[in-house]
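Here is a short briefing on one helix and its surroundings. Please keep the structure in view while reading.

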Amino acid sequence: MHPEHEPDPSPRKALATEIAVLEREVAAARAELAGLQVDLAEAHAQVSSHQVHQLLEANEQLVLDAMRSRGAADSAAQLVAELTRSSELDPLTGLPNRLLLIDRMGQALTQARRNDSRLALLFLDLDGFKVINDSRGHQVGDQVLCAVGQRLMECVRGVDTVCRLGGDEFVMLLSEITEAADAGLVAEKLLSSLSTLVDDGLAPTPVSASIGISVFPDDAREAESLVDCADRAMYASKRAGGRCWRFYSALRNPEGDQAPAPQEPPVRHDERGMRLRDANERLVLSALTATAVAEQQDHLLTELKNAARNKDEFLSVLGHELRNPLAPLLTTLDVLRMRGGGYETIEHATMRRHVSHMVRLVDDLQDIAKIASGKVELRMERVPIEHMALQAIALARPLMEQRQQRFAFDNSVEALTCWGDPVRLTQCVSNLLINAAKYTPPGGVITLTTRREGLHAVIAVKDDGRGISAAALPDVFNLFFQERVDAGALTGGLGVGLALVRRLVALHSGTVAANSAGIGLGSEFVIRLPSLLDEDEQHAPAMHGPTSATAVPPRRVLIVDDNYDAADSLAELLRIYGHEVWVATHPVAALQIIGTAAPDLALLDIGLPGMDGYELAALIRQQNPALRVALVALSGYGRATDQDRSTRAGFSAHLVKPVDLGSLERVLASVHARP
C-alpha cells in the first residue's frame with residue numbers, strides 16, 4: 001500500500017480567506033437591504049399608485065439582480081468546496097483516499113462510542129488482478145479498478161464509505177450496523193456483484209476478491225487497529241483460496257431547524273417619495289458591487305487552479321531533471337571508493353556529502369506537499385551528536401568564512417547520541433547555522449553548543465546579530481514568515497527553513513525554541529532531542545547497512561538508460577562487484593540484447609526515447625515468454641503514484657535516481673524472476 005499524494009494547503013488557505021471576506025460583505029449587504037425595505041414601506045403612501053407600481057417593479061428587478069449576483073458568489077464558494085473535496089479523492093476511481101477515510105473513521109468511531117453501537121470495516125483485495133494488469137496492460141487494469149469501485153459503491157448505503165487504499169486494495173466503512181453478521185451479508189453481496197463484471201463487459205476475465213472483516217468494538221477500538229485486524233482477516237481469505245470473506249473474530253476463536261420566515265415590515269404613510277428613489281440607487285450600487293466581487297472571485301479561483309497545476313508539473317519535471325545529472329556523480333563516487341579498496345579520500349568524501357545533500361534537497365522538492373503536512377520519510381539510526389554537528393558545520397562554514405564571521409564549537413565533554421535520521425538532523429542544525437550567518441554582520445560571533453540536560457541532548461546555535469523583535473518571536477517558525485530586516489543583513493529564501501526545522505525536530509520527538517532579547521541583541525535557537533543512554537543504545541533497533549557485495553551471487557544484469565554517463569558509471573560499479581553487465585541506451589538495442597544475452601535482471605529507465613519503460617517491459621515479456629528475468633524500474637520520479645504504476649506494470653522493484661548503493665545491493669540480493 002502506498003500513501004497517496006497529499007495536497008498543498010496554501011491555496012486552500014488563500015481561498016478560505018477570500019470566502020470569509022465575501023461572507024462579511026454579503027452580511028453587510030443583507031443588513032442594508034433590510035433597512036432599505038423599511039425605507040420603501042415608509043415612502044409607500046407619499047407617491048401615486050402608478051409611481052409606486054413602477055418603482056416596486058424596479059425594486060423587484062434590482063433585488064433579483066442582487067440575488068443572482070449573490071448566487072454567483074455562492075457558486076464560487078461551492079467550487080472552493082469542490083476543490084477541497086477533490087484533494088481527498090483517489091485520482092483514478094474518484095473514491096475517497098486514505099486521508100478522507102481516516103477522517104470519516106474518526107467521526108464514525110466517535111458516533112459509535114456515543115451511541116454504544118457497532119461499525120464494521122471490510123478490507124478487500126482483488127484476486128488475480130496482477131494477471132489482468134500484466135496480460136492486458138495497465139489501461140485495462142485501470143478500467144477494471146474503476147468498475148470495481150463503482151460496484152462497491154452500489155453495494156453499500158449512502159452513509160457508508162468506500163475507499164481505495166492503492167493498487168487493487170479497497171476498504172469499506174459500514175457505520176451503525178445492528179449485528180456483526182450484517183457485515184458478512186454485505187461481503188457476500190460484494191462478491192456476487194463483482195462476479196458479474198465480466199458478463200457486463202466491464203472486465204476481460206472473471207473478477208473475485210478476498211475480504212477481511214473487523215468489527216468495533218468486538219475486535220478493536222481504534223482506527224489503526226481495526227484496519228490491521230481487517231487486513232489480517234483478508235490474508236486469511238487469501239490463504240483459503242480467495243473468493244471468500246473472513247471475520248477477524250473467527251481467527252481468534254476458531255469456534256438543522258429552519259430559520260423563522262422574516263416578518264414583513266409595518267407599512268407607514270408619513271415619508272416622501274424621494275426616499276424610495278434613494279433606496280433604488282443604493283440597490284443598484286449593491287447589485288453592481290456583488291456582481292464585481294463574484295467575477296473577481298471566479299477569476300481568482302481560475303488563476304489559483306492554474307497556478308497549482310503548473311506548480312505541481314514544474315516541481316515534478318524539475319526534480320526529475322535534477323536527478324539525471326546527480327545519478328552519474330553519485331555512482332562514479334561509488335566506483336572510485338570501490339577502486340580504492342572501500343576507502344575514500346577527503347576530497348571524495350566532501351563531494352559525496354554535498355551530492356548526498358543535493359539528492360535530499362531534490363527529494364524535498366518533489367515531496368514539498370509532504371513536508372508542508374509534516375509527513376517526511378525518516379531513515380532512523382543511532383546518531384552521534386558530535387559527528388552530526390561537524391557535518392552541519394561543514395555545510396555552513398563557507399558562508400561564515402565569506403562573511404568573515406568568527407565561529408566557535410563548544411562540544412559536550414560527554415559523548416551524546418540520539419535516535420534519528422542523521423541527514424535530516426544535519427539539515428536542521430545547518431539551517432540554523434546558515435540562518436545565523438545570514439543575520440549576523442561581518443565580524444560577528446556564532447557559537448554552536450552541545451550538552452546534556454537530564455534525558456535530552458541539547459544543541460544550541462547562538463549569534464550576536466540583528467536579533468528578533470518580541471512581536472516576531474511567536475511567528476519565526478511559521479511557514480513563509482520573514483521579519484523585515486535592515487539593509488546590512490544578508491537576506492534571501494522563502495521563509496521555509498525554520499518551519500522545516502520545527503517539523504523535522506518534532507518528528508524526532510524533540511522541540512526547538514527561539515530566544516532573543518530584541519533587535520540588535522542577537523538570538524539563540526535551541527533544539528532538544530531525547531538522548532540515548534547506555535542501556536537505550538543496547539536495545540536500539542539494529543542498523544542495517546548495505547548488504548556486503550561478497551554476499552550477493554554474481555548476476556547477469558542489463559542496464560537500459562538513454563543517459564550514457566549514468567548507464568556507464570552504474571555498469572562499471574556493478575562490474576566491480578563481480579556482476580556481468582550489458583548496457584543499452586535505446587529500447588530497440590535492449591530488445592536485441594535480451595534475446596541473445598538472456599540476463600536475469602534488467603534495470604529499465606522509465607523515460608526512454610521512442611517508447612517508455614512500461615512499454616519496453618511489456619515487449620520484453622511478450623517477445624521472451626520463457627525468459628526468467630526480473631524487471632526493476634529506474635526513474636527520477638519517486639512519488640507513491642509512480643511506484644504504484646511500476647508495480648501494476650509488472651516491475652519487481654522501483655529505484656529512484658540517483659540510485660542509493662544500499663538500495664541497489666538489496667535489489668541485487670533479493671529481486672529474482674518469479675517462477
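The model is predicted. The subject is helix α17, residues 587-597. One face of α17 is lined by buried residues, and α17 packs with α18 at an angle of about 30°.

**Faces of the helix**
- Buried in α17 are Pro587, Ala590, Leu591, Ile593, Ile594 and Ala597.
- Viewed down the axis of α17, these buried residues fall within an arc of 165°, so they line one face of the helix.
- Gln592, Gly595 and Thr596 are exposed on the other side of α17.

**Cover and end**
- Just after α17, alanine 598 has a positive phi of about 50°.

**Packing with α18**
- Two packed helices are described by the angle between their axes and the distance between the axes.
- For α17 and α18, the angle is about 30° and the axes are 11 Å apart.
- Angles under 35 degrees count as roughly parallel, and α17 and α18 are therefore roughly parallel to each other.
- The crossing of α17 past α18 is right-handed.
- From α17, Pro587, Ala590, Leu591 and Ile594 make the contact. They meet Leu616, Leu619, Ile620 and Gln623 of α18.
- By class, this contact of α17 with α18 has seven nonpolar residues, one polar residue and no charged residues.

Definitions and conventions
Residues numbered from 1 in each chain as written. Predicted model: local features only at pLDDT ≥ 70, side-chain atom pairs only at ≥ 80, totals over all residues. Heavy atoms only, no water. Buried < 20%, exposed > 50% of the residue type's maximum accessible area, 1.4 Å probe, protein only. Helix = DSSP H or I, 4+ residues; strand = E, 2+ residues; numbered from the N terminus. Arc of directions from axis to C-beta. Axes fitted to C-alpha atoms, helices over the stretch in contact; angles between N-to-C directions. Parallel < 35°, antiparallel > 145°, perpendicular 65-115°, else oblique. Left-handed = near helix turned anticlockwise from the far one by under 90°. Contact = heavy atoms within 4.5 Å. Nonpolar A, V, L, I, M, F, W, Y, C, P; charged D, E, K, R; others polar.
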